Protein chains: 2
Amino acid sequence: MKRIGVIGGGQLARMMIPAAINLAIELRVFAEQQDAPASLAVTAVGDFRDVRQVADFAADLDALTFDHEHVPAEVLRALEDSGVVVAPSSQALALTHNKVVMRQRLSELGVAQPRWCEVSEASELESAVESVGGYPCIAKKPTGGYDGKGVRVVHSASDLEDWLSQGSLLLEEKVPFVRELALLSARRRGGEWKPWAPVETRQKNGVCSEVIAPAQSLSETQLGVAEELARTIAEGVGTVGVLAVEVFELADGSLSVNELAMRPHNSGHVFTELSTTSQFEQHLRAVADLPLGSAALVAPGGVMVNLFGGVDADAKNDAWERVPEAKIHDYGKGAREGRKVGHVVVTGDDVKSLLDKAELARSALHAAR
Amino acid sequence: MKRIGVIGGGQLARMMIPAAINLAIELRVFAEQQDAPASLAVTAVGDFRDVRQVADFAADLDALTFDHEHVPAEVLRALEDSGVVVAPSSQALALTHNKVVMRQRLSELGVAQPRWCEVSEASELESAVESVGGYPCIAKKPTGGYDGKGVRVVHSASDLEDWLSQGSLLLEEKVPFVRELALLSARRRGGEWKPWAPVETRQKNGVCSEVIAPAQSLSETQLGVAEELARTIAEGVGTVGVLAVEVFELADGSLSVNELAMRPHNSGHVFTELSTTSQFEQHLRAVADLPLGSAALVAPGGVMVNLFGGVDADAKNDAWERVPEAKIHDYGKGAREGRKVGHVVVTGDDVKSLLDKAELARSALHAAR
């Protein structure tokens, strides 16, 4: 029986447990506290920044993977040096640790992306802004950002005074996109690679609110471009496991890469119900070096909506009674304003009516708060 | 968060874990050993025949349910007397503890079943055989039988000499069936009841080998009869949780009840992939008194085949490579001749080709042994 370790005990680790059970993989989770969403599989509690603690945990694993991207590069490299199979590797993860490194690598791979440059001093700002197309443009902190945090729309130099005093920034062209897509795929160490159909992601306040799968009205040409783009990145970076590529769709139909994640991703939750193989199962297969499963869709369409704040038991019952086909995934987290605490998936034929049903379930769930 | 206990740590308890995770139910398993298929959720190891041990386990549960039918009636009644919510109740489970009690209760409910009678002495045998239609007929030990054990086809009085010396027997008419079906449904305490579509079960040597879902070519009339029959039993018995009714289909299309189970059942495994709500999720919802999920099918058809003996890792890889859409459920059990160690499900449009794919996967999995 393969033994796979996961650093981080959040909802992504939690949702790997059902997949591990079906695959008969022994899953061990290293969490910051026992009372984590993935508590059922938590076998070690500690600090993932401490090489010794993580090395102890990883000593007898077939491979080590992640629920989040915050494990320091030096910890990953020390593990690799001691013979631990880290998936994805420290080299691949370097792109998700630093957005400047990511832009640089994507440039080398010839992947379409917004114009970008790094700026480290206020004196460089004006020429830097000009090189990405002028104001307004986007500034991002190279490290530590997520869910809209560490990202700012910049209208004038004064918008960046505080941030520039803290360190260098990534400046990006503000791309006039018409829609955001996510390209989910998975890659196995030996090179086997399987993509799911592209999905549309809709954000509110910089956070994913809804996902529509598959993304509607993509042309054959766009589907080909999307697949090529995801494959180029997966192979170019040499990642192992799930790769999520967030892209902008422009008015002319072209695609431009926004962000990357090298793990199961919120935009891929819909595939648990919509595909033969969920992203959690595919990630574990890839990490454990097992053949990838079919990524075919099992229904014409699916919609995922995120739940924020808290999941109240009575509200959940109410939502189930209103929408019996709603799959409500409750991460078992305590309530907190704006916190991602679960999601709802509905699958079927017509995406418009699925969206209505998912919203009906969500409104019942959110009504209690 | 609801806390549900399960007596028994086998594959049925194991497959409740993914459902519990999505529902955010705390699942606690009482097993005979820590190293059980449901080990991830095992919180107590002991003897389920010991009232004190089971009562300790059940002390702070919202409800107690089962992976098997072997908990003695007196243990169940003692738990109920002390206020534990036992689901299904000891009264309902009495039917699965004793096949004579089951036949009696089904007779009272007016449900179609083979002619039957109880025989306790050799001197009564000939008239008893005559009352169920003569030789050949079926003899069953009232208690303890499963998977074809404790069942015998009787051609003459001498076939029963050994068994009759051990205690009374149930004699049943040997029904000339053309096909075996299983009717899966679930009932919540308050009465909410939801059936899945009937499935066809195919046995080899008294053990289920394949399940085809939905059962093909059933008329509207038969579907109505099947639903009425399952509902009559579920309500008449007052069960809580999943009810599996195994029935014979006769040449004239009529249905006759063979066996009952009041828990998730091998014949319902196909619904994990084929229905919006798996039998494990529906069982937990019913037991935890949550609204039942939709039992609609998400694809036109599905096939389940059981795996026996052992699951070899290389053979599993081979099966996945040949049939990437096969969902191979590995129960994590050690190999033993004839042991049920897993199952494979394939869903899609055409049942004939699904059966071919499932058999292809199974033959690859069995090739290694």
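Me: I've got this model open. What share of the 369 residues in chain A is buried?

Reply: Buried residues come to 49% of the 369 in chain A. Keep in mind that this is a predicted model.

Me: And how do I read the overall fold of chain A?

Reply: Begin with the element count: twelve helices and 17 strands. Then check the dimensions. The C-alpha trace of chain A spans about 55 × 50 × 40 Å along its principal axes. A compact globule of 369 residues would have a radius of gyration near 21 Å, and chain A, at 20 Å, agrees with that.

Me: What percentage of the contacts in chain A with a separation of 6 or more is between residues 24 or more positions apart?

Reply: That percentage is 62%.

Me: How should I look at two helices lying against each other?

Reply: A packed pair is described by the angle between the two axes and the distance between them.

Me: Now the nonpolar core. What's the idea there?

Reply: In soluble globular proteins, nonpolar side chains tend to be buried together. Here the largest nonpolar core has 218 residues. The members that touch the most others are Met16(A), Leu243(A), Val245(A) and Leu284(A), along with Met16(B), Val245(B) and Leu284(B).

Me: Which residues does Leu284(A) contact, leaving aside its neighbours within four places in sequence?

Reply: Leu284(A) is in contact with Ile4(A), Met16(A), Ala19(A), Ala20(A), Leu23(A) and Ile25(A).

Me: How many residues does each chain put into the contact between A and B?

Reply: Chain A gives 27 residues and chain B gives 27. On the chain A side, the elements giving two or more residues are helix H1 (11-23), helix H11 (313-322) and strand S16 (327-330). H1(A) gives the most, with six residues. Sorted by class, the chain A side has 15 nonpolar, eight polar and four charged residues.

Me: What about phi? Where is Asp289(A) found?

Reply: Asp289(A) is in the loop between helix H10 (279-287) and strand S15 (301-308) of chain A. Its phi is positive, about 60°, although Asp289(A) is not a glycine. Asp289(A) counts as partly exposed because 17 C-beta neighbours lie inside 10 Å.

Me: Is Asn205(B) buried or exposed?

Reply: Exposed: Asn205(B) has 8 other C-beta atoms within 10 Å, and the cut-off for exposed is 12 or fewer. Asn205(B) also has a positive phi, about 55°, without being a glycine. Look for Asn205(B) in the loop between strand S11 (199-204) and S12 of chain B.

Terms used. Residues numbered from 1 in each chain as written. Chains lettered and ligands numbered in written order. Predicted model: local features only at pLDDT ≥ 70, side-chain atom pairs only at ≥ 80, totals over all residues. Helix = DSSP H or I, 4+ residues; strand = E, 2+ residues; numbered from the N terminus. Rg over C-alpha atoms; globule rule 2.2 N^0.38 Å. Buried ≥ 20, exposed ≤ 12 C-beta atoms within 10 Å, placed from the backbone. Contact = placed C-beta atoms within 7 Å. Core = buried A, V, L, I, M, F, W, Y, C linked by C-beta atoms within 7 Å. Nonpolar A, V, L, I, M, F, W, Y, C, P; charged D, E, K, R; others polar.
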